[in-house]
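Here are a few notes to go with the model below. Have a look at it first, then read through the points in order.

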Amino acid sequence: MPYQCIDCSKRFNTSKGGERHCDALGHQYILAKCYECGREFVNARALEQHLSSTVHGYCTICEKSFGNKWRLEQHNRDTTRH
Ligand SMILES: [Zn+2]
Ligand SMILES: [Zn+2]
Ligand SMILES: [Zn+2]
C-alpha cells in the first residue's frame with residue numbers, strides 16, 4: 001500500500017517505508033482515516049474496529065441507528081412521518 005506522509009507530503013511506495021521515515025524524523029504516521037467522522041488511525045484494523053463499534057448516524061426521532069451518515073440521510077428522506 002503506498003503511503004504519503006501527512007507532515008511533509010513525502011510519498012512512499014510502501015507503508016513500511018513511510019513508517020520508517022516517520023519513525024526516523026518524528027513525523028506523524030497515519031494510515032487510515034474514517035471517511036465518516038475524519039478520525040485518524042494508525043492502521044486499517046483500528047479503523048475497521050472503529051467503524052464497527054461507532055454509530056455515525058443516529059435518528060433522534062425514532063431512535064434508530066445507522067452505520068453511516070449517508071444511511072441516516074436516506075432514512076430521513078424516506079421517512080417523512082415518524
Ligand atoms: Zn514526513
Ligand atoms: Zn468515524
Ligand atoms: Zn427516524
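1. A cut-off to start with: a residue counts as buried if 20 or more other C-beta atoms lie within 10 Å of its own, exposed if 12 or fewer, and partly exposed in between. Leu31 has 17 other C-beta atoms within 10 Å, so Leu31 comes out as partly exposed.

2. Keep in mind that this is a predicted model. The mean pLDDT of the protein is 87, with 100% of its residues at 70 or more. Confidence is highest in helix 1 (residues 15-25), at a mean of 93, and lowest in strand 3 (residues 32-33), at 83.

3. What order do the elements run in, from the N terminus on? You'll find β-β-α-β-β-α-β-β-α, which takes in three helices and six strands. The radius of gyration is 18 Å, well over the 12 Å that the globule rule gives for 82 residues, so the protein is more spread out than a compact globule.

4. Of the 82 residues, 4% count as buried. Among contacts between residues at least 6 apart in sequence, 4% join residues at least 24 apart.

5. UniProt, in an unreviewed entry, places the feature "domain: C2H2-type" at residues 32-56 and 57-82. In the model, residues 32-56 are 40% helix and 16% strand, and the end C-alpha atoms of that span lie 17 Å apart. Residues 57-82 are 38% helix and 15% strand, with end C-alpha atoms 16 Å apart.

6. Back to Leu31, which sits in the loop between helix 1 and strand 3. Which residues does Leu31 touch, leaving aside those up to four places away in sequence? They are Ser15, Phe41, Val42, Asn43 and Ala44. Leu31 and Met1 are 30 residues apart in sequence, and their C-alpha atoms are 9.6 Å apart in space.

7. Two backbone angles deserve a glance. Most residues other than glycine have a negative phi. Ser9 is not a glycine, yet has a positive phi of about 65 degrees. You'll find Ser9 in the loop between strand 1 (3-4) and strand 2 (11-12). Is Ser9 buried or exposed? With 7 other C-beta atoms within 10 Å, Ser9 is exposed.

8. Glu63 is the other one to look at: its phi is positive, about 60 degrees, although Glu63 is not a glycine. Glu63 lies in the loop between strand 5 (57-58) and strand 6 (65-66). Glu63 has 8 other C-beta atoms within 10 Å, so it is exposed.

Conventions:
Residues numbered from 1 in each chain as written. Chains lettered and ligands numbered in written order. Predicted model: local features only at pLDDT ≥ 70, side-chain atom pairs only at ≥ 80, totals over all residues. pLDDT = per-residue confidence, 0-100. Helix = DSSP H or I, 4+ residues; strand = E, 2+ residues; numbered from the N terminus. UniProt positions renumbered as here; feature names shortened; annotations may be inferred. Contact = placed C-beta atoms within 7 Å. Rg over C-alpha atoms; globule rule 2.2 N^0.38 Å.
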